Structure formats: structure tokens, C-alpha cells
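Work through these exercises with the sequence and the model side by side. Try each task before you read its solution.

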Amino acid sequence: MAARKWWMVVCIFVLVFVTACSSGEGTSGNRVGDNNEGTNSGVNEPSGTNNGEETAAANPNVTPEMDFDLGGRTIKLVSWYDEAIQTDSPDSIQRKENLDALMEKHNFNVEYVVVDYGEYRDKIAASLLAGEPLGDIIRLARPWMMPALVKQDLFWPLDDYVINDNAFVLQYTTDHSQFEGNGYGFRIGVTGAASGIFYNRSLMNEFGMKPLQEYVDEDNWNWDTLIQVAKEANKDTDNDGKLDRWGLATASMLIQALSSNETGLVEGNKQILDDPKTQESFNFISRLATENVARPTEGGDWTEPKQFFLQGNTLLYPGMDYEANDFKADMAEFDVGFLPFPKGPSATNYHTHVTIPNYYTIPRAVENPEQIVYLWEKIYDIESIYDYPKQADLEKFFSNEDDINNAKNAAESIKVIEQGDYYPSMPYYELVDELVEGISVSTVIEKYKVPFQAAIDEVWEAVPAE
């Protein structure tokens, strides 16, 4: 692909340039003042903001240049893994150069603090409640902070600062970290993994089926066509009276169904099992069971559907884009494709699902949150060498342009589905099991409305009064 050739050219250029320039300064060569009055400080401005007027014209959401001195302060970024900026690609080299220039200009340092994942939630919560947060920027998952920690006013709302869509993934502020009208998180870089449907293109061709990509191209990839395709691929190829080829690896796809129909199980502090869109999602899962669409379980664990797909005798598997690496390694004899998860009847677009979104937060105990967000905006506001976000990853996962485009489209909208990760007493898996067993949707809804609401109340009522 042209992008790969361009990547090689840029890599060679960067290596030559870095070798020639022992100072390690940015490649733009532009010098600007370190405030809006135009005073020249002699410090290279971060490459993503090398001309304030031109940048603002190209992207009106860029934050104007700010002039402040942090007095040698160390900004601590806390996560469960090391988030120090690497220099393993031209884009990351730009970000590292931006950080170095910003540290000199605004007189600060950055320390990356790693806390073991098994202890992370408890340690972070204890530090916040004590008024002594472990860091200035803390990566948190949504269910770890909402509602209890947010209701206690332990984080800064960040909506007013997170507006530059070239530096931030805005949906994490406008949606995924929203609580009672405010966004409490921000995410830099690119969106997370795309969810969708992997399919065995070799099996599809063997069966002489209509190319599945055509359903997407026709804007006709929906729950009905998925069921039609799966039924068509359920075959007894050796005529022994038993299926030996299957269309769908599992019927247990409730999270995907809810996301693809633009609904959920919880809204605010209320269960919404009888919401019409939610009922449509339940009916879809029930159809997969009662019409014998999916391959029956053999008593395996949660990895069973993927193991079925890896056998090469199952057409469709719901998964995440990065799983393509496993299929390339273990299914080398098959051509594996990727589709977005089909649209539900109430949806207008394709969606990716996420149950536990995570993002950066800034504790209330930290001063000047606007300055911190500004710094991270300027670090990540770069002119990428790539044609689109996640290009390097997606071109590693897929060699087919349609598969790449499907993953790109799926990741454009990410729906958060709250379930047992948020509400420990919620009988979520019991509800799913009964739907997959074919128990009527109305019976399931009536049975689980009360325990779902009780689980939600248990969490919300534990929040201290304001």
C-alpha cells in the first residue's frame, strides 16, 4: 500500500535527521514566542502547534497558546502500565519532541507511576478519599469512579478543555466519562479496538455463498441478514445426519446486540429491560436460540466460540479487531475477513461496544487542570504521517481493504454497555443464559427487572449524601 511506502521513506528520513541533529530538537525548525505577545524564548514550539494562526485556521478547536511557568513541578501520570512516550514510530517521535519542548517552555517534569492492576482500584480510591491523590493525571475505568467517587466531587469536569479533535478522542469526554451533564475524562491518541464479526471467507467461497461484503456495500448488513447467512452455512457436508459446518460460533452476543441497536440495560440509576430497543435486542438473541442458528455449546468456557472458529468449520465469530493476529497465525490456510457487527432495527449506524471504558482523569485536589489538559493537548496535537487513526495496526491485522474499512467504520462510534462490572449483584449472566436457552423474552424481563434494579440501587444508595 502507498501508506507503507510512505512509512519507510519517513522512517529513513527521521533516522537520518536524528543522527544529524544531536540537539534532539523538533524537526519543524520553526521558532515562536512562548506567549501570545510574541516574545521569542528561543525554545522550539511543539511540532503540532508551529504556527498559531495557521493551526487555528485548519482546526478551530485548537486551544490558543498559553503562557505559564510550573516552577519545576513534577506532573505524575498514574496507570496500571508504563505510559511513557516511546520513540518507536515517526508519530511517537513527534510526541516526545513536543513533550521535551513543553517541559522546557513551561518548566515542569513528568513522572510515570505504575500501580499493580490487582491493587489499582483500591489504592486509587483510598488516595482520592484521603485528599492525597497518587497523581495529577490518573487513568481510571468508568465503573471504578461512577457513581460513588464522582458524586463526592473528587474529579474536575473537563468538557471546557477537551475540544481539540486532533489531539483527543472526544467521545470519551462527551459520552464515555459523562455523569449528570459533565465529562470527567479525556483520552488521547486513537480509539480502542473495533468490535465486529470475523468470517471465514474461504468457507464462504466453498459454499458458493453471496460475498458477505456485499451486504455491507448495499447497506443491508443487519440482524436478519446475519441470521439468513448463518442458517445458510449450517451444513451436513458428509450426509451423516449431523451438522459439520456451522454459520455462527455462539448465540451469546447480548452486549453486541444492545450496542448495535443503540440501547443498553441501564440508564442513569434505572434498569431499562422493558425499553423497546432493549426488548428488540433480547428478541434477537432469543431467535438465535429458538431457530437453532448458532453452533451449540460443547460445555466449554468463554473461549469456546473462538476455538470453534479456529477449527475452520464455522463461518462467523463475534470478536475484536486485534484477534486477527491469532487467526493469521493459527488459520494460515484460510482467508479470514472482518465485518462490522450488523445493525439492529432501531440503529442508524454501525457501532463498537465497550463495557469498561478507561481514560485519564484529573483529581479535584490537583490545581490548574486546564494547564494539564493543555499540555497533553499540545503533546498529542501532531500532523500524523498516517492517513487515518490506527492505520499501522489495521494494516497489520488485515491485508484486505474492505476489512480495514469495516474496522475503521465500526470504531467510529463506541457504545458503553453497563452490566455486572458496574453492579456486582446484578444477575447479568443468568439473564443471558436464559435468553440463550430460549426462555421467552417476556418471562425473562419480568423475572429480572426487580433484581436488576435492586443491584443498581445497592450501588447508588451506597453513595454518601452530598
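**Exercise 1. Find which residues Q453 is in contact with, leaving aside its neighbours within four places in sequence.**

Solution. Start with the location: Q453 is in helix α19. Helices are DSSP runs of H or I with at least four residues, strands are E runs of at least two, and both are numbered from the N terminus. Next, list the partners. They are N269, K270 and Q271, where contact means heavy atoms within 4.5 Å. Then look for a polar atom pair. A polar atom of the Q453 side chain lies 2.9 Å from the backbone nitrogen of Q271. Q453 has a relative accessible area of 16%, so it is buried. Buried means under 20% relative accessible area, exposed over 50%, and partly exposed in between (1.4 Å probe, protein chains only).

The model is predicted: local features need pLDDT of at least 70, side-chain atom pairs count only at pLDDT 80 or more, and totals for chains, interfaces and linings use all residues. Residues are numbered from 1 along each chain as its sequence is written, and side-chain values use heavy atoms, with hydrogens and water left out.

**Exercise 2. Describe helix α12 (residues 276–290) from its start to the residue that follows.**

Solution. Begin at the start. A side-chain oxygen of D275 reaches to within 2.9 Å of the backbone nitrogen of K277. Now take the span. The 15 residues of α12 reach 20 Å from first C-alpha to last, close to the expected 21 Å. The expected span is 1.5 Å times one less than the number of residues. Then mark the buried residues: T278, S281, F282, F284, I285, S286, L288 and A289. They pack against α10, β9, α11, α18 and α19. Finish with N292, which follows α12 and has a positive phi, near 50°.

**Exercise 3. Give the strand order of the open sheet of four strands and identify its edges.**

Solution. The order is β4-β3-β5-β15, with mixed pairing. Two strands pair if DSSP finds at least two bridges between them. β4 (108–114) and β15 (358–361) each have a single partner strand, so one side of each lacks a neighbour in the sheet. Now zoom in on one pair. β5 and β15 are antiparallel, over four bridges. Within this pair, I138 stands opposite T361.

**Exercise 4. Are the residues of strand β13 (336–340) buried or exposed?**

Solution. Five of its five residues are buried. V336, F338 and P340 point one way, and G337 and L339 the other. Now find a partner. β8 runs antiparallel to β13, joined by five bridges. G196 stands opposite P340.

Terms used: Polar contact = N/O pair within 3.5 Å; in protein donor to acceptor, adjacent residues only side chain to side chain.
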